[in-house]
Amino acid sequence: MKKKLAIEDLLRIMARLRSPTGCPWDREQSHMTLRRHAIEEVYELIDAIEARDDHEIAEELGDLLLQVVFHCQLARERGAFDFERVCRLLVEKLIRRHPHIFGRTKVKDVDEVWANWEKIKRAEKHGTKRARHSAFDGIPKHLPALLRAEKLVKKARKVFGSNEQQPAKRQANKTGVAAELFELTSLAQMRGWSAEELLSAEIKKRERGLRKREKSLRS
């Protein structure tokens, strides 16, 4: 007798929880109400990874998978897509974006792998409503401000060169930079400001300027 896969049990349980006789809480959820839970689960997974606790990692990965399955069930109910579709899209993407493994493309290092990945990604979205007209498109809007700033700086250096966004002369070691970040956060708090909000506002201003510069280079 063929052993039933655990993923089949998971999909069946999720459908049951969402059924008319299922769990009241699960039945009330939507893509919008669940979005914060996905973020929380990712942070809990990071905690488990940093603790090097294999049991916790496995459990937190399960909680993260639950978010995927939950969203797939919601989409299935409205006829949009299902878990099989999500897996199929991922399989196709992995094959398409690794031509050096599944095709005949030759690469010499990781930098070329990433360059090919970005090129393929742009081609995938070209001509669609998700087309990326700027190198700065695709940075998640809801990233924490510091992570978003890091991605913006990285993109800027790729567009304008490695000397782009050079900081003013300050302490160059990790300890010094960490101390400055903490002290700036403390200063903002003492003034009654949110360091997160301040950085988010600065990122928006810098991004507008970078996009204008990028557009002028292309014209």
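**Entry 1: Arg-211 and Glu-207**

I looked up Arg-211 and Glu-207 in helix H10 and found them four residues apart, so about one helical turn separates them. Helices here are DSSP runs of H or I with at least four residues, strands are runs of E with at least two, and both are numbered from the N terminus. This is a predicted model, so I noted its limits: local features need pLDDT of at least 70, side-chain atom pairs count only at pLDDT 80 or more, and totals for chains, interfaces and linings use all residues. Residues are numbered from 1 along each chain as its sequence is written, and side-chain values use heavy atoms, with hydrogens and water left out.

Arg-211 forms a salt bridge with Glu-207, and their closest N and O atoms are 3.1 Å apart. I take a salt bridge as a side-chain nitrogen of Lys or Arg within 4 Å of a carboxyl oxygen of Asp or Glu. Arg-211 counts as partly exposed, at 28%. The cut-offs are under 20% relative accessible area for buried, over 50% for exposed, and partly exposed in between, with a 1.4 Å probe and protein chains only. Salt bridges with shared partners join Asp-137, Arg-148, Glu-207 and Arg-211 into one network.

**Entry 2: other salt bridges**

I found 10 salt bridges in the structure. One of them pairs Arg-148 with Glu-207, closest N and O atoms 2.8 Å apart. This pair links distant parts of the chain: Arg-148 sits in helix H8 (residues 145-160) and Glu-207 in helix H10 (residues 195-218), 59 residues apart. Both Arg-148 and Glu-207 are buried.

I then checked Glu-202 and Lys-205, which also form a salt bridge, with closest N and O atoms at 3.3 Å. Both lie in helix H10, three residues apart, about one turn of the helix. Glu-202 is partly exposed at 28% relative accessible area. Lys-205 is partly exposed too, at 47%.

Glu-60 lies in helix H4 (residues 54-77). Leaving aside residues up to four places away in sequence, Glu-60 touches Glu-41, Glu-44, Leu-45 and Ala-48. Contact means heavy atoms within 4.5 Å.

Gln-73 is also in helix H4. Gln-73 is buried, at 9% relative accessible area. I listed its contacts beyond four places in sequence: Met-14, Ala-15 and Arg-18.

**Entry 3: Ala-188**

Ala-188 is in helix H9 (residues 174-190). At 5% relative accessibility, Ala-188 counts as buried. Ala-188 touches Trp-193, Ala-195 and Leu-198, not counting residues up to four places away in sequence. I also took Ala-188 to Leu-90: 98 residues apart in sequence, 43 Å apart in space, C-alpha to C-alpha.

**Entry 4: the whole chain**

I counted 10 helices and zero strands. The radius of gyration is 22 Å, well over the 17 Å of the globule rule for 219 residues, so the chain is more spread out than a compact globule. The radius is taken over C-alpha atoms, and the rule is 2.2 Å times the number of residues to the power 0.38. The C-alpha atoms fill a box of roughly 70 × 55 × 35 Å along the principal axes. Buried residues make up 20% of the 219.
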